[in-house]
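Thank you for making time for this one today. Before I say anything about it, please take a moment to look at the sequence and the structure on the screen.

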Amino acid sequence: MDAIPLAIDGYLTAEAVSGEQDGAASWRMTCSPTDRLVDDAVIPCTSRDPRVVHEVVTECRPGDLLRVTGYLTLPDAAGEGLRFQADTLEILLDAPELGGPEDDEVTDAALEKADRNAAIAALADALTGFAGQPGPGASIRVHISPNGALGTGLEHCHSIDLTPARAHQFADQADAMSCFLDSQHPDAGTVLDSETVAELVAVFEDIDLVDLTGAVLNSTRPEHRPKVTQAIDDMFGDAPGPEEPE
């Protein structure tokens, strides 16, 4: 198979291996012809040029962006690999130095900041979808932004306009979520003493479901009463309303 003259840009995947007997060096480069990860290709390279061998062995580190020129030989049969004979080598971009403790702190801070920005974006998207299309009735504005000095992180600032009805619904959902979190079971290893259990039993035995239902419904907005009634029925059974016979 005839060799094809070619120039390749790619990242050095690992340290080059030099052959002491033949004076050659071998290495692999990851090439990205497109922006899609599936199109990445690993090209095995070799060279016997002393200048190329010296540079790739002594000057190059994994992660360096290289440009090599030479000749590509396609496989003659199935199962054989590509062969690229490099005549020149150029380092286009040095790989970043591996970080010490200070770099680790910077990395942790960057990850924390990225997580915060992702959370802000998720919350803003959820509220925007909940608010629906803004209109003349959207008289309440909610601002979401990172903490810090004004003028920083403006690309992560969001303003969402809500109608009063939507704001009431959002407040009800926040209250419900707070109640759920406050009602989580204690740790499995927690054991209540017998007096506490007896007091709790006495409290629940004294509850009048009719009075409880009436109190809850009276403090509930009219448009939410059907759902609240259904929730009480699911919890205590088919409890009669305050105006229904027992």
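Which residues form a nonpolar patch on the surface? Keeping in mind that what we have here is a predicted model, the answer is L200, V203, F204, I207 and L212, which together have about 430 Å² of accessible area. Helix α4, which runs over residues 194-205, gives the most to this nonpolar patch, with 3 residues, and V203 is found in that helix.

Let me step back to the whole chain for a moment. Of the 246 residues in the chain, 19% are buried.

Some of those residues are in helix α5, residues 209-218, where the buried ones are V210, T213, G214 and L217. These four lie on the same side of α5, because they cover an arc of only 95° around the axis.

Finally, I would like to turn to the largest pocket, which holds about 470 Å³ of space. Its lining is made up of Q169, D172, Q173, D175, A176, C179, S219, T220, R221, H224, K227 and V228, and the elements that give two or more residues to this lining are α3 (164-182) and α6 (225-236). The largest share, 6 residues, comes from α3.

Note on methods:
Residues are numbered from 1 along each chain as its sequence is written. This is a predicted model: local features need pLDDT of at least 70, side-chain atom pairs count only at pLDDT 80 or more; totals for chains, interfaces and linings use all residues. Side-chain values use heavy atoms; hydrogens and water are left out. Patches are made of residues with over 30% relative accessible area and no salt bridge: like charges are joined within 9 Å, nonpolar side chains (Val, Leu, Ile, Met, Phe, Trp, Tyr) within 5 Å. Accessible areas come from the Shrake-Rupley method with a 1.4 Å probe; for residues, only the protein chains shown count as cover. A salt bridge is a side-chain nitrogen of Lys or Arg within 4 Å of a carboxyl oxygen of Asp or Glu. Buried means under 20% relative accessible area, exposed over 50%, partly exposed in between (1.4 Å probe, protein chains only). The arc is that of the directions from the helix axis to the C-beta atoms. On a 1 Å grid over the protein atoms alone, a cavity is a set of points where a 1.4 Å probe fits but cannot get out, and a pocket is an open set with protein on both sides within 12 Å along at least five of seven lines; lining residues have an atom within 4 Å of a point. Grid points are joined across faces, edges and corners, and a volume is the space filled by probe spheres set on the points.
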